[in-house]
Amino acid sequence: MLFIAFITIWNFSYEKGMEEGYVPVLEESPNNSYIPAERGVFERSEFALEYSSMPVDKNHERSLDSYYDNRAYHGAPPSIPHPIKEEKSLGGNTCLQCHQNGGFVERLNAYAPVSPHPEMVNCRQCHVAQNSNTLFKPANLAQVHAPKVGVNNAMIGTPPMIPHQIQMRENCLACHAGPAAPKEIRVTHPERVNCRQCHLPTDRIVSEITPFTRTNSHKNE
Ligand code: HEC
Ligand code: HEC
Ligand code: HEC
Ligand code: HEC
């Protein structure tokens, strides 16, 4: 009896003592609401530590060249470069099998890029399969060029500004971390999580994007 009483009392006072350490962070409490536009930044943060300890697989890296190659213009939805199981489905869960968290796909000899928007389940509303290389002809519509990377910081060692729009790009880690991230933009510090604490968007509208260039930049020459 004494022993049980001892355990109970000890346990009670131990938990009392720990209470301070376990103040629950309430997701939706009015004093703790995220700025809606910044919320997506935290979406994949539970994987941040895993990303930072992952070894880089040099043999299967993507580059920005092949990344842009699969898009009609900067910011356009990429086409689907692989066969699709069910021709008539919109995708949903079948696509998310591979694109929710990524991973290596033996058959395609590549890592599946993580979707920055797993909540938009009608994938094929926007992503079309590559059925033909001849159906569409180049037009003389004005091209929106992608901003350059490696030249977006004011001084060497300072955080580069975000040279792209944030719309549909709220979820930073989906594109900037993990084995499917293009090597030029894979972040060295995925574990910092709150990306926009240090990285500010350049306040330009898309058609104006000619990136700020550091005149003494040696990187992209
Ligand atoms: C078996 C796993 C798997 C499934 C299922 C799958 N994908 Fe993929 N997907 C991949 C892999 C791997 C790549 C990368 C291919 C490459 O780089 O050559 C890829 C590439 C893509 C890309 C190009 C991304 C980019 O950044 O260029 C799109 C878009 C895409 N898939 C959409 C879809 C859609 C939509 C579906 C559902 C109809 C789907 N995928 C189902 C594995 C999969
Ligand atoms: C409303 C349209 C829309 C829907 C629906 C949609 N996407 Fe996308 N997706 C886009 C656009 C636009 C981009 C390019 C974003 C950018 O480059 O800023 C993109 C980019 C991607 C990428 C490339 C990420 C990277 O590394 O750049 C993948 C993978 C992807 N989508 C997968 C999916 C999957 C899987 C689904 C369904 C679960 C889906 N998408 C639903 C519009 C859509
Ligand atoms: C859909 C994929 C995608 C998402 C999501 C995304 N980015 Fe990017 N980011 C890119 C690409 C691609 C580039 C290269 C320039 C371009 O094409 O826009 C880039 C460039 C950058 C650069 C410039 C890097 C350099 O070396 O100059 C920074 C900084 C950056 N992004 C930060 C962010 C932050 C912060 C977020 C989250 C709010 C974010 N990105 C979300 C794809 C993405
Ligand atoms: C504490 C401030 C801070 C936070 C938080 C932060 N960064 Fe950075 N980031 C920097 C600095 C400083 C550099 C420049 C590093 C250099 O030049 O050596 C940088 C560089 C980069 C680059 C260029 C490539 C590289 O890794 O050097 C990208 C892309 C980037 N950050 C994306 C991100 C993303 C995505 C997040 C969120 C997961 C993030 N950053 C969080 C400070 C930060």
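**Reading the iron sites**

Mentor: In this predicted model, His189 and His199 are both buried, a term for under 20% relative accessible area, with exposed being over 50% and partly exposed in between (1.4 Å probe, protein chains only).

Trainee: How should I read the numbering and the values?

Mentor: Residues count from 1 along each chain, while chains are lettered from A and ligands numbered from 1 in written order. Local features need pLDDT of at least 70, side-chain atom pairs need 80 or more, and totals for chains, interfaces and linings use all residues, with side-chain values taken from heavy atoms, leaving out hydrogens and water.

Trainee: Which residues coordinate the iron atom of ligand 4?

Mentor: A donor is an N, O or S atom within 2.8 Å of the metal (3.2 Å for Na, K and Ca); here the NE2 atoms of His189 and His199 coordinate that iron at 2.0 Å. This pair links distant parts of the chain, 10 residues apart, both in the segment after helix H6 (172–176), a helix being a DSSP run (H or I) of at least four residues.

Trainee: What are the protein donors of the iron atom of ligand 1?

Mentor: They are His82 (NE2) and His99 (NE2), lying 2.0 Å from the iron. His82 sits in the loop between helix H4 (64–69) and helix H5 (93–99), and His99 in H5, so the pair ties together parts 17 residues apart in sequence.

Trainee: How accessible are His82 and His99?

Mentor: His82, at 26% relative accessibility, counts as partly exposed, and His99 is partly exposed with a relative accessible area of 23%.

Terms used. Helix = DSSP H or I, 4+ residues; strand = E, 2+ residues; numbered from the N terminus.
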